[in-house]
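Hi,

Here is the structure I said I would pass on. Have a look at it first, and then read my notes below.

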Amino acid sequence: MRRWTRRQWVLIAASVVLWLVGIAACLLTAWPVAGAALATLVLLVALAVVDSGSEDARLLAKVNVLTKRADRTLEQVDGLEERLARQMRSARRAVEDAGTQSLDEISTFKLQLAAVIQQLVEINQASRAMNIDAIDERLSLLRDGLDEALRRSASGVVDVVERVASERGAGEGRQAKDLDALKATTRQLHSDIVATRRDVNRVSYEPAKEVEAMLQLTRRYEPKDVLPLAGGWAMSSSGILMLTEMVRDRRPALVVECGSGASTLWLGYALRAQGYGKVVALEHEESYAAQVRALVARHDLQDWVTVLHAPLQERDVEGETHRWYSADQTDGLGPIDILVVDGPPQAVGPWSRYPALPLLESRLRADAVLVIDDAARDDEKAVVQRWKERRDTVTQLPFTSRYQAVLTGVGRLQES
Ligand SMILES: C[S@@+](CC[C@H](N)C(=O)[O-])C[C@H]1O[C@@H](n2cnc3c(N)ncnc32)[C@H](O)[C@@H]1O
């Protein structure tokens, strides 16, 4: 169902009133037919204006609903955190008094604790119901990770309480050790809850941000046809927006992208808008190379985008062997102004993206920038750290998204 804003309703009502007045006035004049046609034309133009705004309004309304739902979830987590802290204090007291408390009381606390933790896990799962098409797959992985962390902490606390209960008579030393363990798991649980709150908070604004970034991209470049959706296997809309802004600001002659897909096409649009330059995408999977090439043709971007099929092969990188794009395709590249590292995929193995800098730095201009996607993942964090350690010129720019890292000081190309 289409939803219109209050402003659009006012515009519709005003147009209809004007039309009625126009028709009435025309009927009383010498040219009723021409006058009525003119009034109808005015009405149709007004409705067309209203209609052009309705799609954005619908999207924004959807985002508003999501945001409200996420806010409610956040309030629930807030209340729960307080309750959990209270429960924790009681549980700790119960274990401290284990010598005098009855076994039943400790079991009751254990059950209460498990119920609260279960509620937290359910809230986490409920936030999954907020998925709209473009919500980043990473958010759901994040929530899975949190569920797992909460479950682990929960079973840790429950185990300790259970052990204290069953070994009540086993001596004071043992109880003190268990008490320490309980305190440690309580602390862990608390920090998991703080992290949950932070992530639920992020869920409340990230979808809106991603939709907004996509609206900005489509307004700026007006793509000719449907594009693969951003997010999930592809870079997020906000990451792609950042890349296109980088093209606008740096005016590159050559962008090289490891891993082809949606971002390759948007880069093509950005280069077409600046009127020169080229993006060359390295693609290890032949079928995806063909798919992306077909999209390039459908969008009339052949002058701006080249997709090279570059199967992975064993490459020597500073004495280590890595699987990376074939030398046949990478040896002729350069000079490169922007290097986007969004492949090979994680499934290839650890350090899959490490070779990008050692193998291409001699082709990167001295003022080139490198953008690596998925920068919040452990493997990519380690890759960035290792790049920084092997060359102290490599510097990460501040204030970029947590999902992409932007590095300068990466180029070694000597230009005459
Ligand atoms: C992390 S993805 C990113 C691709 C690109 N930079 C983007 O953001 O759209 C990397 C790999 O996904 C694969 N890929 C391309 N198109 C795909 C599709 N439609 N579905 C799933 N994977 C795809 C390709 O093998 C590509 O090298």
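Before the strands, a word on terms: two strands count as paired if DSSP finds at least two bridges between them. Strands (E, at least two residues) and helices (H or I, at least four) are DSSP runs, numbered from the N terminus. This is a predicted model, so I kept to its limits: local features need pLDDT of at least 70, side-chain atom pairs count only at pLDDT 80 or more, and totals for chains, interfaces and linings use all residues. Residues are numbered from 1 along each chain as its sequence is written, and side-chain values use heavy atoms, with hydrogens and water left out.

**Around β7**

Strand β6 (residues 336-341) runs parallel to β7 (residues 364-373), and 5 bridges join them. On its other pairing, β7 meets strand β9 (residues 404-408) in the antiparallel sense, over 4 bridges.

Is β7 mostly covered or mostly open? It is mostly covered, with 7 of its 10 residues buried. By buried I mean under 20% relative accessible area; exposed is over 50%, and partly exposed is in between (1.4 Å probe, protein chains only).

**Helix α11**

(The expected span is 1.5 Å times one less than the number of residues.) Its buried residues are Asp379, Glu380, Val383, Val384 and Trp387. They sit on the same side of α11 because they cover an arc of only 140° around the axis, taking the directions from the helix axis to the C-beta atoms. The face turned away from that buried side carries the exposed residues Asp378 and Glu389.

What covers the buried residues of α11? The cover includes β6, α10 (356-360), β7, β8 (395-396) and β9, where contact means heavy atoms within 4.5 Å.

**The ligand**

There are 15 residues around the ligand, and Met235, Ala262, Ser263, Glu283 and Asp342 come nearest; a residue is near if one of its heavy atoms lies within 4 Å. Some polar contacts (pairs of N or O atoms within 3.5 Å) are worth a look:

- A polar backbone atom of Met235 is 2.7 Å from an oxygen atom of the ligand.
- Ser263 brings a polar side-chain atom to 2.8 Å from a ligand nitrogen atom.
- An N or O atom in the side chain of Asp342 is 2.8 Å from a nitrogen atom of the ligand.

Two cis peptide bonds turned up. One runs from Gly334 to Pro335, with omega near -10°, and Pro335 is in the loop between α9 (327-330) and β6. The other joins Gly343 and Pro344, with omega about -5°; Pro344 is in the loop between β6 and α10.

Arg251 has a positive phi, near 50°, although it is not glycine. Arg251 sits in the loop between α6 (237-250) and β1 (254-258) and is partly exposed, at 42% relative accessible area. Glu318 also has a positive phi, about 50°, and is not a glycine. Glu318 lies in the loop between β4 (312-317) and β5 (320-325) and counts as partly exposed at 47% relative accessibility.

Cheers

Terms used:
Polar contact = N/O pair within 3.5 Å; in protein donor to acceptor, adjacent residues only side chain to side chain.
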